[in-house]
Amino acid sequence: MDNKKIDLTLSVIRPERRKFSVSAKIEKQILKKNSIPINTGNKMIKVPICQSCGLPVGEGTHMIEPSEKPTESLLLCKPCYYPRNLDELTMPSNGYIILEPRIDQTEINTLICALWYSQKIYDDDELLGVIEQLTKSLSQKKTHADLYIAKDISNIEYLTQVLYQMDSDDYERRYNLLKHLRWMPSIESILPTMEYWRRNCFGLYSPKNWYSLINSIGKEREKKF
Ligand SMILES: [Zn+2]
């Protein structure tokens, strides 16, 4: 299995990459190659995992990002796939861009999934308060992106156009411009992923562990946000 760090710098599908595709046969091989045994609580099953964040994917929640060499195409969960393929987010309900230098994209994805997932399953006023405050703090960073980076950059469609219009050299250097910008997913865009985790109730990734995680992040970040 491939454990290299996947770069989640905001990106689009450039013309040179549009040519690549993956056959159903190769897709099957990629899913198999990236599967690991997971303890669901009562039995061990083999499930494919995202090559970026390592969380389980399946039943329509996985994405394949084609590569020049089809066998090197990436298996990603939706929250890890979309930052690298912003142009596939075509609905306004697919989220927006925020300025958040202190948390990287993978951490935002995990945090958002943990927050929304916990919001659904816990009936605890204190925790719900922390979740609301953290979600609000993140969403406010949309204004920061427009104010400190460029007007309207928080709009995915606009940022996509900017990235399309860059020449190859500028595009290769886009990290300098985008290093503090993150995709803030909408609940709609990652709902199927969370549903998949819930239905399969993965022991290792049990949302029960997120209760204390969210509370401690909330306390730690109270001063920073
Ligand atoms: Zn992922």
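Tutor: Let's start with a term: donors are N, O and S atoms within 2.8 Å of the metal. Keep in mind that this is a predicted model.

Student: Which parts of the chain does the pair C50 and C77 tie together?

Tutor: C50 sits in the loop between β2 (44-48) and β3 (62-65), while C77 belongs to strand β4 (residues 74-77), so the pair ties together parts 27 residues apart in sequence.

Student: And what is the geometry of the zinc site?

Tutor: For four donors, the check is whether all angles lie between 85 and 135 degrees; if so, the site counts as tetrahedral. Here the angles among the 4 donor atoms run from 103 to 114 degrees, and the site is tetrahedral.

Student: Is C50 buried or exposed? And what about C77?

Tutor: The cut-off you need is that buried means under 20% relative accessible area. C50 comes in at 2%, so it counts as buried. C77 has 3% relative accessibility, so that residue is buried too.

Student: Let's move to H62. Where does H62 lie, and what does its side chain make a polar contact with?

Tutor: H62 is in strand β3. Its side chain makes a polar contact with the side chain of E27, at 2.9 Å. Leaving aside residues up to four places away in sequence, H62 touches E27, L31, V57, L75 and L76. With a relative accessibility of 18%, H62 counts as buried.

Student: Which residues does T106 touch?

Tutor: T106 is part of helix α4 (residues 105-121). Not counting residues up to four places away in sequence, T106 touches K5, L8, S52 and C53. C53, remember, is one of the zinc donors. As for T71, it is 35 residues from T106 in sequence and 24 Å away in space, C-alpha to C-alpha.

Student: Now charges. How many salt bridges does the structure hold?

Tutor: The general idea is that side chains of opposite charge can pair when their charged atoms come close. This structure holds 7 salt bridges. One of them joins the side chains of R18 and D87, at 3.4 Å from N to O. R18 lies in helix α1 (residues 15-18) and D87 in the loop between α3 (78-84) and β5 (96-99), so this pair ties together parts 69 residues apart in sequence.

Student: Is R18 buried or exposed? And D87?

Tutor: R18 is exposed, with a relative accessible area of 51%. D87, at 13% relative accessibility, counts as buried.

Student: Where do E100 and K141 lie, the pair that links distant parts of the chain?

Tutor: First the bridge: the side chains of E100 and K141 meet at 2.9 Å, N to O. E100 is in the loop between β5 and α4, and K141 is in helix α5 (residues 125-148), 41 residues apart. Both E100 and K141 are buried. There's a network here as well, with salt bridges linking E100, R102 and K141.

Student: What about D152 and K151?

Tutor: Their side chains also meet in a salt bridge, at 3.7 Å from N to O. D152 is partly exposed, with 37% relative accessibility, and K151 is exposed at 64%.

Terms used:
Residues are numbered from 1 along each chain as its sequence is written. This is a predicted model: local features need pLDDT of at least 70, side-chain atom pairs count only at pLDDT 80 or more; totals for chains, interfaces and linings use all residues. Side-chain values use heavy atoms; hydrogens and water are left out. Donors are N, O and S atoms within 2.8 Å of the metal (3.2 Å for Na, K and Ca); water is not among the atoms, so sites may look incomplete. Four donors count as tetrahedral if all angles lie between 85 and 135 degrees; four count as square planar and six as octahedral if opposite donors are over 155 degrees apart and all others between 65 and 115; anything else is irregular. Helices (H or I, at least four residues) and strands (E, at least two) are DSSP runs, numbered from the N terminus. Buried means under 20% relative accessible area, exposed over 50%, partly exposed in between (1.4 Å probe, protein chains only). A polar contact is a pair of N or O atoms within 3.5 Å; within protein, one must be able to donate a hydrogen and the other to accept it, and residues adjacent in sequence count only if both atoms are side-chain atoms. Contact means heavy atoms within 4.5 Å. A salt bridge is a side-chain nitrogen of Lys or Arg within 4 Å of a carboxyl oxygen of Asp or Glu.
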